[in-house]
Every structure is written in structure tokens, then in C-alpha cells.
Amino acid sequence: MSEKENKVTDLFKIKYPIIQGGMIWHSGWRLASAVSNNGGLGLIGAGSMYPDILRENIQKCKATTDKPFGVNVPMLYPNLDEVIQIILEEGVKIIFTSAGNPKTYTETLQKEGLKVAHVVSSTKFAMKCEDAGVDAIVAEGFEAGGHNGRDETTTFCLIPNVKKHISKPLIAAGGIALGSQMKAAMILGADGVQIGSRFAATLEASSHESWKNKIISLNEGDTHLTLKELAPVRMVKNKFFHDLEKLYDTGRNVEALKETLGRARSKRGMFEGDLEEGELEIGQVSALIKEIISVEEVFQNLLKEYREVKSFDL
């Protein structure tokens with residue numbers, strides 16, 4: 001990839017149009033700063049942090065990189081107003097929002113000088129983001145790990161359709177871990193990519209070592225999208241997943257699902273390393289991830305693979 005600017009690099013003032021997803025339990029200051037230091041845009045994942053922990057991570061990120069970085073904030077965050085205030089007080093200049101209405105804070109944040117991107121899973125919501133005035137749109141296919149869209153639209157189908165309906169910078173997400181996949185997304189119309197699963201299996205990710213080793217052992221079919229009654233989520237088929245699936249045999253009882261899900265299952269799995277009783281969120285592309293490496297090596301591989309992809313004349 002050349003270092004020529006495009007819409008994403010120009011917007012965020014970064015070297016490469018590569019954004020690291022703000023994944024819960026993975027995206028602490030070490031990962032975010034490493035991504036930013038290597039020319040991408042690192043994101044701190046606020047969704048798994050109490051407000052004081054978020055502030056600490058922002059401050060440590062500022063101390064370890066002089067490059068742009070941001071914070072990913074699910075709009076369903078229970079302490080949303082406090083989280084937004086911390087982001088403003090700490091001088092963060094980029095925020096990625098998800099799981100909520102982009103109109104809620106976009107104008108307020110932009111008036112404070114922040115660039116705002118919002119994550120969507122459909123063309124319909126991408127158009128709503130454009131109407132809300134966001135600075136960039138992340139369109140995420142259902143290959144992605146974690147919380148996901150109900151329509152199960154793949155990245156390959158989603159990106160070209162969104163591209164036809166918006167003018168804002170478009171960032172593709174879901175099923176991207178290789179340089180060839182990055183180039184494919186950009187050929188389809190994306191201006192950049194957001195990568196989660198590949199960065200989850202890095203030395204700098206804040207998740208548990210046992211979970212990282214589990215990621216690199218996964219094969220095709222080892223993840224599944226479930227919990228559509230609550231909020232669709234792609235997770236590994238472990239004991240916890242099968243316990244949830246058994247509830248479907250007795251009907252789609254939302255309260256029973258909530259009780260089994262509990263409040264700390266994702267922390268138990270991805271942060272504490274309980275691979276049987278914990279919730280393990282990862283994308284389908286995990287089947288292509290076979291080693292735990294540094295962020296620097298991830299960038300070297302992505303860029304090498306991107307440059308080696310050849311086009312063919314028909």
C-alpha cells in the first residue's frame with residue numbers, strides 16, 4: 001500500500017487506513033497505542049471499562065503514543081454521560097460509537113472538535129448516520145465477532161450497497177484479517193478497514209492468554225451468531241454457547257436467556273480465561289488466524305499481503 005492519503009487517512013491523520021476495532025476485554029491502552037504507533041488508528045474499548053478505568057487507559061495511551069487514537073463507545077453504556085465527559089476532559093479527538101442512535105451525541109462531540117464515526121450493519125442505518133452528520137461510517141458484515149446485525153448481511157454484499165447510498169468515508173468491517181481481504185474490501189468501495197479478530201490475537205491485547213490460544217485453534221464453523229432475541233452476538237461454540245442453545249428447545253424465553261447470560265460472562269471468558277463457562281466473542285475470520293504475534297508483525301503482514309495481491313485482466 002502506498003502512503004498516499006485517502007478519505008480515512010486524511011480524516012484521522014493516520015498513515016494507513018487501518019482501524020483496530022474497540023473490542024471489549026481486548027482493547028486496552030497497550031493495544032490501542034501499539035496500533036497507532038504502527039500507523040493505524042488504535043481504539044480503546046470503553047464497553048468493558050468502568051469510567052475510572054477508561055480514564056486511566058486514555059491517560060496511559062496518551063503517554064505511550066503521540067499519534068492519533070480514539071475510544072469506542074457503545075451508546076447503550078449505562079454511564080454514557082460520564083463516559084462522554086471523561087473523553088472530553090482527557091482531550092480525545094476521535095470517537096467511534098455503536099449500538100445506538102448516532103444523533104444522540106454527534107453534534108455535541110463535533111462542536112468540541114471530535115471526529116465521530118458510527119458502526120452500522122445495514123445500508124438503511126448507514127443512510128441514517130449520514131443524515132445525522134457523522135464524519136465516517138463503519139459498515140460491519142455479520143462475519144464479525146461480538147454484537148452484530150440481525151439481518152445477517154455479509155461484508156461482501158454490504159459494502160458495495162452502502163457505498164452507493166452515502167458520500168461519507170466508508171470503513172469496512174467483518175471478516176478482515178489478511179491484506180488480500182483488506183484490498184478486496186477497498187475494491188468493493190471501502191476507504192479503509194476496521195479489524196478486530198486479528199488484533200485480538202496479539203501480544204498487546206489485554207485479553208487472557210488462554211483465550212488468545214483458543215482463538216488460534218479455531219476452525220471454520222466454530223463460531224455462530226445467536227441471541228437475536230436480546231442483541232445478536234457471534235461467539236465460540238463452547239459449553240456456555242450450548243447451554244444457551246438448549247433454552248431454545250423449550251421456547252424462546254427471553255428471561256431465561258438473560259438469566260443464563262448473566263452480567264459478567266464475557267469478562268469471565270475473554271478476560272479471565274474461562275473457556276467453558278465464559279462468553280467468547282470472535283469473528284469467522286478466526287479460522288485464518290494461526291499465531292499470536294505482535295501488532296508490528298500484524299501490520300507488516302497486512303501491508304506485504306496487500307501489495308502482493310495481483311489483479312488480472314479478463
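## Exercises on a predicted model

Helix α6 lies across β5 (115-120) and β6, running at about 160° to β5. The model is predicted: local features need pLDDT of at least 70, side-chain atom pairs count only at pLDDT 80 or more, and totals for chains, interfaces and linings use all residues. Residues are numbered from 1 along each chain as its sequence is written, and side-chain values use heavy atoms, with hydrogens and water left out.

**Exercise 1.** Describe how the strands are arranged in the open sheet.

Solution. Start with the naming: strands are DSSP runs of E with at least two residues, helices are runs of H or I with at least four, and both are numbered from the N terminus. Next, take the order, which is β1-β9-β8-β6-β5-β4-β3-β2 for the 8 strands, with parallel pairing. Two strands pair if DSSP finds at least two bridges between them. Then look at the edges: β1 (18-20) and β2 (42-45) each have a single partner strand, so one side of each has no neighbour in the sheet. From one strand to the next, the twist averages 25°.

I137 has L170 in β8 as its bridge partner.

**Exercise 2.** Describe the packing of helix α6 against helix α7.

Solution. Two packed helices are described by the angle between their axes and the distance between the axes. For α6 (residues 123-132) and α7 (residues 155-165), the angle is about 35° and the axes are 9 Å apart. Axes are lines fitted to C-alpha atoms, for helices over the stretch in contact, and angles run from 0 to 180 degrees between N-to-C directions.

Now list the residues that meet: T123, A126, M127 and E130 from α6, and L158, N161, V162 and H165 from α7. Contact means heavy atoms within 4.5 Å. The contact residues divide into 4 nonpolar, 3 polar and 1 charged.

**Exercise 3.** Is K164 buried or exposed?

Solution. First locate K164, which is in helix α7. Then apply the cut-offs: buried is under 20% relative accessible area, exposed is over 50%, and partly exposed is in between (1.4 Å probe, protein chains only). K164 has 66% relative accessibility, so K164 counts as exposed.

**Exercise 4.** Which residues of helix α11 are buried, and where do they lie on the helix?

Solution. In α11 (residues 239-248), the buried residues are F240, F241 and L244. Seen down the axis of α11, they fall within an arc of 105°, so they line one face of the helix. The arc is that of the directions from the helix axis to the C-beta atoms.

Technical notes. Nonpolar A, V, L, I, M, F, W, Y, C, P; charged D, E, K, R; others polar.
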